[in-house]
Amino acid sequence: MSKIAGTGTVPFTEEFAVNALHFFLEKYKMEPEEVQDGMNKQKRERLFQKHKYKIQQGKDGRWRTYLPDSTKSEGRRKVAKKNYEDLVNEIIAYYEEAENKQRVPAKKNYTLTELFPEWLDYKKLKGSPSYIRRIQSDWNTFYKGKEISQMPIKNMTSLYLDKWCHTMIRKYDMTETKFQNMKIILKEGLEYASNEDIAIITKNPMDKVHFDNRIYRKKEKGLPEEEVFTEREQKLLFDEITRRVEKNKKCTTPYMIILNFHLGLRVGELVAIKETDIRNGHIHIQRMETEDFDIDSLTGKTKSLGYKVKNKTKTPAGNRVIPLSQEAVDIIETVKEINRAYGREDDGFLFLNSKNGTRTTTKAVFTYMQNVCKKAGLRQKGNHKIRKTVISRWVENFNIDTARRMAGHESEKTTLRNYCFDQRNIEDILDKFEKVSIKTGVPKSTHQTV
């Protein structure tokens with residue numbers, strides 16, 4: 001059997017590709033790009049194995065072979081290249097094009113239901129597990145079993161999609177964010193279908209569908225007492241955490257919570273801090289814990305593969321450096337001392353479980369915050385409310401661009417729209433309102449009510 005140097009002989013199939021992706025990502029902690037490279041090598045091997053003609057090098061140093069050609073009397077044509085690799089590429093390109101031509105008729109009546117599993121497998125190579133899970137959820141809610149999913153893609157017109165999208169916006173009273181998430185399946189799925197290698201359609205009909213921002217439901221901004229810890233709540237929370245520290249000096253989770261009132265980190269970033277991230281009065285945020293999922297593209301069933309730390313942040317802006325206050329430095333040093341005192345170490349992570357010495361997880365933080373809030377007599381608020389509290393304080397005291405960068409946001413719009421709340425107690429706000437109100441000197445009414 002012919003082989004290309006450096007590749008194996010395992011047949012490349014769609015099932016193999018999906019299984020290989022999950023296997024390598026989980027077992028060898030490979031990036032999707034690495035897996036894609038391996039899959040491309042497997043595909044080249046499979047196509048090359050279709051070639052039945054000999055490859056020979058002539059006296060002139062050129063490499064020669066034949067390729068099938070129905071227009072020739074012998075049913076083949078000679079191909080010659082100066083380099084062996086160029087000839088191999090020519091052979092592979094021929095059989096790939098032949099496959100594509102055979103595939104198009106079979107897919108001419110493809111529906112979204114048939115396309116979705118194939119497209120989702122493609123998205124898995126690029127998107128995070130949580131992102132893929134959201135897409136699967138949107139498919140189950142808005143597309144699966146519906147008329148649009150059964151219609152041949154080639155019959156979808158811009159007008160039909162325009163009507164369908166606007167109907168869905170009204171039916172589900174969608175915000176712009178909700179609709180944009182739902183639209184990904186249509187927009188990107190049909191873009192995939194129009195790719196020259198897929199060729200189910202030649203153009204994406206969604207390109208001509210446009211939307212007016214006024215049609216979306218406006219998302220009401222939450223009240224401060226719901227979105228952040230007010231000053232009164234912070235005091236109650238800190239009192240409860242102080243009580244817990246005095247009761248159990250082995251546990252570092254209370255210090256984690258207090259530290260995040262200085263840093264405003266996402267919970268996945270918080271539990272992924274390593275001692276080496278802290279230098280010269282600053283902390284470098286560069287990794288985060290995420291939950292991995294195995295999603296069956298055909299059945300839509302989701303299975304958790306557990307939590308693990310990845311050496312990247314949610315977005316490029318998430319990779320950032322935050323200055324540390326003196327109290328934050330003291331908290332970190334205290335945590336280090338506790339770890340050393342009890343012989344805890346787990347790959348350099350700062351916050352470790354007091355029972356088994358392993359890295360503290362996001363799940364543990366969630367449970368801890370539930371218990372602390374309940375004991376302190378507060379409504380349930382998690383780590384994200386701490387994050388909003390800290391960023392709100394930054395917005396009030398720093399330039400907006402500084403606050404945005406420390407928060408790890410791509411745009412100032414996100415910071416101002418979703419993370420800007422007044423933490424003062426309502427009594428203090430009313431008192432301040434009275435002080436800043438204009439004094440006109442207009443006399444009070446002297447009329448007596450009857």
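A salt bridge here means a side-chain nitrogen of Lys or Arg within 4 Å of a carboxyl oxygen of Asp or Glu. Keep that in mind and select Glu227, Lys385 and Lys388: a network of salt bridges links them.

Before moving on, some ground rules. This is a predicted model, where local features need pLDDT of at least 70 and side-chain atom pairs count only at pLDDT 80 or more, while totals for chains, interfaces and linings use all residues. Residues are numbered from 1 along each chain as its sequence is written, and side-chain values use heavy atoms, with hydrogens and water left out.

**Stop 1: helix 15**

Now select residues 383-397, which make up helix 15. Helices are DSSP runs of H or I, at least four residues, numbered from the N terminus. The expected span is 1.5 Å times one less than the number of residues.

Eleven of the 15 residues are buried, so the helix is largely enclosed by the rest of the structure. (Buried is under 20% relative accessible area, exposed is over 50%, and partly exposed is in between, using a 1.4 Å probe and protein chains only.) Among the buried ones are Trp394, Arg387, and both Lys385 and Lys388.

**Stop 2: a negative patch**

Select Glu231, Glu396, Glu427 and Asp428, which gather in a patch of negative charge on the surface. Patch members have over 30% relative accessible area and no salt bridge, with like charges joined within 9 Å. Glu231 belongs to helix 10 (residues 231-247), and at 40% relative accessibility it counts as partly exposed.

**Stop 3: along helix 10**

Stay on helix 10 and pick Arg243 and Glu240, three residues apart, about one turn of the helix. They form a salt bridge, with the closest N and O atoms 2.7 Å apart. Arg243 is partly exposed at 35%, whereas Glu240 is buried at 7%.

**Stop 4**

Lys123 lies in helix 4 (residues 112-124) and Glu188 in helix 8 (residues 176-193), so the pair ties together parts that are 65 residues apart in sequence. Lys123 counts as buried at 9%, while Glu188 is partly exposed at 30%.

**Last stop: Asp60 and Arg64**

Finish with Asp60 and Arg64, another salt bridge, at 2.7 Å between the closest N and O atoms. Asp60 is partly exposed at 47%, and Arg64 is partly exposed at 27%.

Conventions: Helix = DSSP H or I, 4+ residues; strand = E, 2+ residues; numbered from the N terminus. Patch = residues over 30% accessible without salt bridge, like charges linked within 9 Å, V, L, I, M, F, W, Y side chains within 5 Å. Areas by Shrake-Rupley, 256 points an atom, 1.4 Å probe, with all protein chains shown as cover. Lys, Arg positive; Asp, Glu negative; His and termini not counted. Charge placed at Lys NZ, Arg CZ, Asp CG, Glu CD.
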